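Here is a quick tour of one protein model, meant to be read with the viewer open. Let's start with the overall picture and then go through the parts.

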Amino acid sequence: MNITVDQQPKSQIKLTVELTPDEMKPYLERAAEELSTEFKIEGFRPGKASPGMVMAKLGAQHVWEAAAEHAVRKTFIQVIREKSLPTIGQPHIHILKIAPDNPFIYTAESAVLPTLTVGDYNKKKARPTKVAVTPAETDQALEDLRQMFATEALVDRAAKIGDKVIVDIDLSQDRVAIEGGSSKAHPIVIGSNHFIPGFEDQLVGAKKDNTKTFTLPFPKEYHNEKLAGKKGDFTVKVKSVFEVTKPELSDDFAKQAGKFTTVTELRASLEKNLRTEAEEKEDSAFERALVDELIDR
């Protein structure tokens with residue numbers, strides 16, 4: 001097999017591969033076997049006719065074209081491995097010569113990974129930040145865990161902080177409904193601060209079937225740019241109110257939450273997990289900063 005590698009602009013290469021008729025024999029045999037299962041050859045069982053018989057029946061060019069497909073698929077992979085070529089994506093194949101009893105020649109054009117020159121990374125400015133977990137963060141993690149194990153009971157009274165309410169929400173601006181601003185049977189835990197500031201406060205004191213209307217500003221950094229920094233008109237109907245009871249923070253709760261015997265063990269585990277998460281996040285940020293510096297250099 002004769003191989004020529006030509007470097008092209010913009011991280012492209014062009015391979016020219018030439019196979020002799022002898023090198024094409026195994027691909028011709030495979031093509032003949034497949035074609036003889038597709039087309040009946042008199043006197044032979046499917047897949048058992050010789051390449052010569054298949055060529056006589058279907059024409060030599062037909063068999064060579066089928067063999068070429070197998071040859072390209074096999075030899076292209078072989079070439080890029082032998083030449084250690086870091087190709088990317090699918091190659092563009094062009095057949096230059098295909099004729100019975102002649103060398104088979106094709107070209108393959110492909111993108112390759114570019115060669116990079118790294119700047120002086122010893123003078124990097126990025127520095128890792130030492131992470132710390134505060135007692136308040138661990139306290140919050142404990143509260144979140146208690147919330148996960150909380151029980152709920154349907155109540156017939158006004159909603160208060162800590163309750164879960166099921167509500168229908170409609171959002172508009174200047175009496176025009178906002179696309180995607182409606183939500184049905186939406187659960188909200190009052191005091192969880194998962195909505196924009198002031199929203200959950202409006203639900204305190206509301207009972208089942210009460211409808212409340214109010215206007216609130218969206219934070220300037222709100223994820224929806226069309227609403228960020230603007231006021232929204234809300235219509236909220238309360239469908240039901242649930243009293244949420246969190247388990248007492250005790251050793252029994254620690255055993256319920258995992259393989260712990262005391263709250264102290266549970267707290268230590270949460271603190272360790274928070275620290276690991278913070279360290280992984282900082283490692284990623286530090287890595288991104290280093291890469292940005294290298295790109296700049």
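## Overall picture

The protein has 6 helices and 9 strands, where helices (H or I, at least four residues) and strands (E, at least two) are DSSP runs numbered from the N terminus. With a radius of gyration of 35 Å, well over the 19 Å that the globule rule gives for 297 residues, the protein is more spread out than a compact globule. That radius is taken over C-alpha atoms, and the rule is 2.2 Å times the number of residues to the power 0.38. Along its principal axes, the C-alpha trace spans about 90 × 60 × 55 Å.

Keep in mind that this is a predicted model: local features need pLDDT of at least 70, side-chain atom pairs count only at pLDDT 80 or more, and totals for chains, interfaces and linings use all residues. Residues are numbered from 1 along each chain as its sequence is written, and side-chain values use heavy atoms, with hydrogens and water left out.

Buried residues make up 29% of the 297; buried means under 20% relative accessible area, exposed over 50%, and partly exposed in between (1.4 Å probe, protein chains only). Of the contacts (heavy atoms within 4.5 Å) with a separation of 6 or more, 61% are between residues 24 or more positions apart.

S2 (residues 12-19) and S4 (residues 104-112) pair over 8 bridges, and Leu15 stands opposite Ala108 in S4.

The 23 residues of H3 (60-82) should span 33 Å at 1.5 Å a residue, and its end C-alpha atoms, 31 Å apart, agree with that; the expected span is 1.5 Å times one less than the number of residues. Among the buried residues of H3 are Trp64, His70, Thr75 and Phe76.

Which residues have the most contacts inside the largest nonpolar core? They are Leu15, Leu19, Met24, Phe104 and Tyr106, in a core of 26 residues. Such a core is a set of buried Ala, Val, Leu, Ile, Met, Phe, Trp, Tyr and Cys residues joined through side-chain atoms within 4.5 Å. S2, H1 (21-38), H3 and S4 each give two or more residues to this core, with H3 giving the most, 9 residues.

Not counting residues up to four places away in sequence, Met24 touches Leu19, Trp64, Ala67, Ala68, Ala71 and Phe104. Apart from this core lies another, of 20 residues, including Val165, Val167, Ile188 and Leu216.

At 1.5 Å a residue, the 34 residues of H6 (263-296) should span 50 Å, and the end C-alpha atoms are 49 Å apart, which agrees. Its buried residues include Leu266, Leu270 and Phe286, and the buried residues of H6 pack against H4 (135-148) and H5 (251-257).

Over in S7 (residues 176-189) sits Ala177, which counts as exposed at 63% relative accessibility.

Key. Pairing = 2+ DSSP bridges.
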